[in-house]
Amino acid sequence: MSEHNSSDPRVKLSFDGYVATLTLARAEKLNALDMPMILALQQAALDIEANTEIRVAILTGEGKAFCAGGDIAAWGGLPPLDMWRTWTRAGHRAFDALARLRVPLIAVLSGHAFGGGLELAATADFLIAETHVKMGLPEAGLGMVPGWSGSQRLVRRFGSRVVKHLALTGDMLNAAEAYRLGMIDFITETDGAMVAAHVLARKIAARGP
């Protein structure tokens with residue numbers, strides 16, 4: 001396995017044979033994203049693209065959360081126009097880069113995915129979640145809407161009925177409920193999601209490139 005130097009140490013990228021693993025490593029803040037992390041995610045997508053040996057990519061997060069979304073401390077004081085010009089657009093660019101990867105992307109949810117974290121998970125082709133995981137869109141409680149493709153990619157991925165319910169009510173779904181609604185592809189016991197991701201990665205890599 002080789003570690004790839006990132007512009008931000010809280011976004012780790014490693015290559016192991018045909019698998020690239022992208023890990024959010026800000027567990028003490030529930031992997032909430034600030035601007036340097038967003039830029040590092042975009043660069044990581046470019047680095048994965050540049051490695052012709054990679055056949056599958058895995059996206060995960062350390063600690064209790066996959067990703068709790070955007071770090072409020074990073075955007076809370078921005079004027080509305082700057083919020084759109086910088087924060088929102090940077091998030092779109094990073095998430096689009098992940099969603100457009102030439103290789104399949106597997107999101108491993110061994111922790112919760114809230115707000116922008118759920119939008120990040122939706123960039124993946126496959127979502128694997130452990131039974132204890134919860135997910136939702138709490139933005140309306142802050143007087144805002146999902147800003148990183150929540151009304152576009154999430155709707156295409158999960159369906160308008162599900163996204164409308166999550167966005168308007170702020171309800172949190174457990175993994176079983178999300179699986180029933182088709183939001184996740186596989187559900188595992190605690191500590192089983194990464195193992196399941198590697199099993200899936202092997203199946204994908206065994207096919208034609």
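**Salt bridges and buried residues in the predicted model**

Arginine 102 has a relative accessibility of 43% and therefore counts as partly exposed, a class lying between buried (under 20% relative accessible area) and exposed (over 50%), as computed with a 1.4 Å probe and protein chains only. The model is predicted, so that local features need pLDDT of at least 70 and side-chain atom pairs count only at pLDDT 80 or more, whereas totals for chains, interfaces and linings use all residues. Residues are numbered from 1 along each chain as its sequence is written, and side-chain values use heavy atoms, with hydrogens and water left out.

The protein chain contains 8 helices and 11 strands, which are DSSP runs (H or I, at least four residues, for helices; E, at least two, for strands) numbered from the N terminus. Of its 209 residues, 48% are buried.

The structure holds 6 salt bridges, each defined as a side-chain nitrogen of Lys or Arg within 4 Å of a carboxyl oxygen of Asp or Glu. In one of them, arginine 102 meets glutamate 49 at 4.0 Å, N to O; because glutamate 49 lies in helix α1 and arginine 102 in the loop between α3 (80-99) and β6 (105-109), the pair ties together parts that are 53 residues apart in sequence. Glutamate 49, at 30% relative accessibility, counts as partly exposed. Arginine 157 forms a salt bridge with aspartate 185, the closest N and O atoms being 3.3 Å apart; arginine 157 belongs to helix α5 (residues 153-158) and aspartate 185 to the loop between α7 (175-180) and β11 (186-188), so parts that are 28 residues apart in sequence are tied together. Aspartate 34 pairs with arginine 10, with 2.9 Å between the closest N and O atoms, and both aspartate 34 and arginine 10 are buried. Asp8, Arg10 and Asp34 are linked in a network of salt bridges.

Aspartate 47, found in helix α1 (residues 35-50), is buried yet has no salt bridge, and the nearest side chain of opposite charge, arginine 102, is 11 Å away; in this assignment Lys and Arg count as positive and Asp and Glu as negative, while His and the chain ends are not counted. Residues up to four places away in sequence aside, aspartate 47 is in contact (heavy atoms within 4.5 Å) with His4, Leu13 and Phe15.

Leucine 166, in helix α6 (residues 160-169), counts as buried because its relative accessibility is 1%. Apart from neighbours within four places in sequence, leucine 166 contacts Leu118, Leu137, Asp171, Leu173 and Met183.
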